[in-house]
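Dear colleague,

Please find below the structure I mentioned, together with its sequence. My notes on it follow, and I would be glad if you read them alongside the model.

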Amino acid sequence: MLTRKQHELLLFIDERLKRDGVPPSFEEMKDALDLRSKSGIHRLITALEERGFIRRLPNRARALEVLRLPEDAQPARARGFSPSVIEGTPARLARPPVEDDSRRAVPIPLVGRIAAGSPIAAIQSRDNTISMPPEMLSGGEHFALEVRGDSMIEAGIFDGDLALIRKGDTANNGEIVVALIDDEEATLKRLRRKGASIALEAANPAYETRIFGPDRVRIQGRLVGLFRRY
């Protein structure tokens, strides 16, 4: 199943290939999907390639080939795309239709990657969404993060998993949280309070527990769900 942005990008590439014989540039794709950076396009193209919808042709710049379309795909003009997209001027794409049994799905922002290992830069800006059934969500605001690293494997959290996070700035002792360290590093760890200090525990003996003063750590949310692609 494709996300909305993946679906939109696939149709946009297909229309431009049929019209011009060459795919749109990454800048055109970024503008058409109303994304802030081209890095989001790179991730969408990789996801479409992994799912067998497109392939990149080697040794050729901007060389993409559409292998197949979703079964519910229709011509772009009939689906409500702005005519300016068809004629080559980037415009915001229309939301693709969804099947009746998924109309209740709730879009959750996929805001970037989170380190479960060596620290990485703070959480990236939103560039995609995933759909969740409402019964999977408790009250409050949620977001999702892609896990990178292996420091939480003994808690059943693996590299490439999607972590569903309930946004908040507090958590109970022992809960797995998204912690922002010194406003620069974001990591997924188990929270332990030790006196006036905060310990961020890994679930892998290869990693040491990191201990910080309370003014160095800000809780961004706590883990409430985990999703894995096979």
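In these notes a residue is called buried when its relative accessible area is under 20%, exposed when it is over 50%, and partly exposed in between, with a 1.4 Å probe and protein chains only. This is a predicted model, in which local features need pLDDT of at least 70 and side-chain atom pairs count only at pLDDT 80 or more, while totals for chains, interfaces and linings use all residues. Residues are numbered from 1 along each chain as its sequence is written, and side-chain values use heavy atoms, with hydrogens and water left out.

On confidence, pLDDT (the predictor's confidence in each residue, from 0 to 100) has a mean of 78 over the protein, and 78% of the residues reach 70 or more. Over residues 74–103, however, pLDDT stays under 50. Where pLDDT is low, the predicted coordinates should not be read in detail.

Turning to salt bridges, which require a side-chain nitrogen of Lys or Arg within 4 Å of a carboxyl oxygen of Asp or Glu, the count comes to 16. One of them joins Arg4 and Glu8 (3.3 Å, N to O); Arg4 is partly exposed at 26%, whereas Glu8 is buried at 2%. Another joins Asp14 and Lys18 (3.0 Å, N to O), where Asp14 is buried at 8% and Lys18 is exposed at 61%. A further one pairs Arg148 with Asp159 (3.6 Å, N to O), and these two are partly exposed, Arg148 at 27% and Asp159 at 47%.

How values were computed. Contact means heavy atoms within 4.5 Å.
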